[in-house]
Amino acid sequence: MPTETVPVIRNFVGGTFAEPDPEHCFTKTNPATGTPLATVHEADRALVDRAVRSARGALEDGWADTPVRERTALLRRAADLIEERFEDFVAAEVGDTGKPVTQARELDVARAVANFRAFADIVAAAGQDSYLTDLPDGRRALNYAVRKPLGVVAVIVPWNLPLLLLLTWKVAPALACGNAVVVKPSEETPSTATLLAEVLADAGLPAGAYNVVHGFGAGSAGEFLVTHPDVDGITFTGSSATGTEVMRAAAPGVRPVSFELGGKNAAIVFDDVDVEEALDGLSRSVFTNTGQVCLCTERLYVHRSVFADIVDGLAERAARLRLGDPLSTRTTTGPLISHEHRRKVLGYFDLAEAAGAKVVAGGGTPHLGPELDGGAWLEPTLWTGLTNADRPVREEIFGPVAALIPFDTEEEAVALANDTSYGLAAAVWTNDLRRGHRVAQRMDVGMAWVNTWFLRDLRSPFGGAGLSGIGREGGASSLHFYTEPTNVCVQL
Ligand code: NAD
């Protein structure tokens, strides 16, 4: 039920905010304090159906045929408007996730702006493939492909980087290609998708081209959306388990899917590294966003000769992280997204202990004072003494935790890093140029970094193999997913 004390977050359908139904509301909690943050209107099946029909209506009313220059101009206006309301977006993101305000400013909201501008540029610059065909019998033909929007696209996203990597990273290219979208944000992060509805409307997007339906997965808005027969394609970011369910839902009608799923990412640290430089990078890759980035490193394979230095140095950096009020610019590390997620992560602490792990940093829940003790806080934690056979080293944990394991040879390090069902990202730390290239190319992942982590060019392909997903997004890969080509062959 909506209460007087917290704001009500509404669904956005057909260009207007739907009146909340008091019987279909849930409470969103502030993860830093455990107190109610907002009342969210959960979309029922009828409202999801209305959103899909509104999206179809926008396409039929001409949005799909809008000239590219108009669509890209609109995206640039949206980027400008997010910048004008920058601090509103920051506040919404910090409230929903508890992430440090500095990170929300420098990463989440800044990158949301960049996503709109980058995809405006990418779509504006995209040409069509054409080629001449010469047949043995002397006939010649001109072939070219016309790329049309996919249609109504369902966008389902998780809570960890809700605006940046997930929402705007999908919505910007989808709209740039002339699609209409129905977005289902995570139940944990309803705010920024809703603010984006205001911004896109102010930028001049036609009613129905961007819709937001709030709610959960199974038996709620997520399921209603992905099973809706009039959805033409699904772009999903979330866990591998949910991806499996969504794939089942996409099967009727053989609808295309783009999946960005979980990871269990490795870093390999060779004996020739500059230890301090590697430690700075490793600390970022393990602890950024409290370890809740699909790209975060949870497995560290370290050459035995530098193992002790890396373990001690990383433990020291973990102890230096400052947990606290997300609105303070001194804070480096926020809480986990929820108590439910913390229970899951703590379950791996028990498994690690049972497997004989040595805790070299953290290992428990901190006490941060009466204001914050109701939040889902967790100490940044490092383990040694585990092997690839142990569940905390095999399964995605999605928290500020990593296991450090020594190796002796390059061959062994490659085998250990590739010994996983996931295939999202890896990082190789070495000062040997040839080894860096050689090992990075042998990683069975979608993205391999050398001497860095999460350094992204928005034109490059993003995604993973195995349990980490299907397809790639970013740059031309996004244009391929969000369009259907018609090949035209003209005999000359
Ligand atoms: P999740 O799979 O639980 O939920 C993701 C979204 O799917 C949410 O909006 C949820 O409500 C919805 N959902 C759940 N069940 C559904 C169903 N049956 N039908 C339709 N929708 C459904 O994931 P999460 O806990 O929100 O996010 C964490 C996961 O996301 C981690 O596994 C992480 O690795 C992954 N992730 C991957 C990437 C990537 O780019 N590869 C990026 C960020 C997060």
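User: Let's start with C25: buried or exposed?

Analyst: C25 is buried in this predicted model, and the relative accessible area computed for C25 is 16%, which falls on the buried side because the cut-off is under 20%.

User: And C489, is that one buried or exposed?

Analyst: C489 counts as exposed, since its relative accessibility comes to 52% and the exposed class begins over 50%.

User: How many disulfides are there?

Analyst: The count comes to zero disulfides, where a pair of cysteine sulfur atoms would have to lie within 2.5 Å to be included.

User: Switching to charges, then: how many salt bridges turn up in the whole structure?

Analyst: A search through the whole structure gives 29 salt bridges. One of them joins the side chains of D271 and R435, with 3.5 Å from N to O.

User: Where do D271 and R435 sit along the chain?

Analyst: D271 belongs to the loop between β13 (265-269) and α9 (275-287), while R435 is part of helix α14 (residues 433-442), so this pair ties together parts that are 164 residues apart in sequence.

User: Which residue does E276 pair with?

Analyst: E276 forms a salt bridge with R317, and their closest N and O atoms are 2.9 Å apart. This pair also links distant parts of the chain, with E276 in helix α9 and R317 in helix α10 (residues 307-320), 41 residues apart.

User: What is the partner of R459, and how far apart are the closest atoms?

Analyst: R459 forms a salt bridge with D457, with the closest N and O atoms 2.7 Å apart. R459 counts as exposed, at 60% relative accessibility, and D457 counts as partly exposed, at 34%.

User: Last one: which residues are linked with R56 in a network?

Analyst: R56 is linked with D230 and D232, and the links in that network are salt bridges.

Notes
Residues numbered from 1 in each chain as written. Predicted model: local features only at pLDDT ≥ 70, side-chain atom pairs only at ≥ 80, totals over all residues. Heavy atoms only, no water. Buried < 20%, exposed > 50% of the residue type's maximum accessible area, 1.4 Å probe, protein only. Salt bridge = Lys/Arg side-chain N within 4 Å of Asp/Glu carboxyl O. Helix = DSSP H or I, 4+ residues; strand = E, 2+ residues; numbered from the N terminus.
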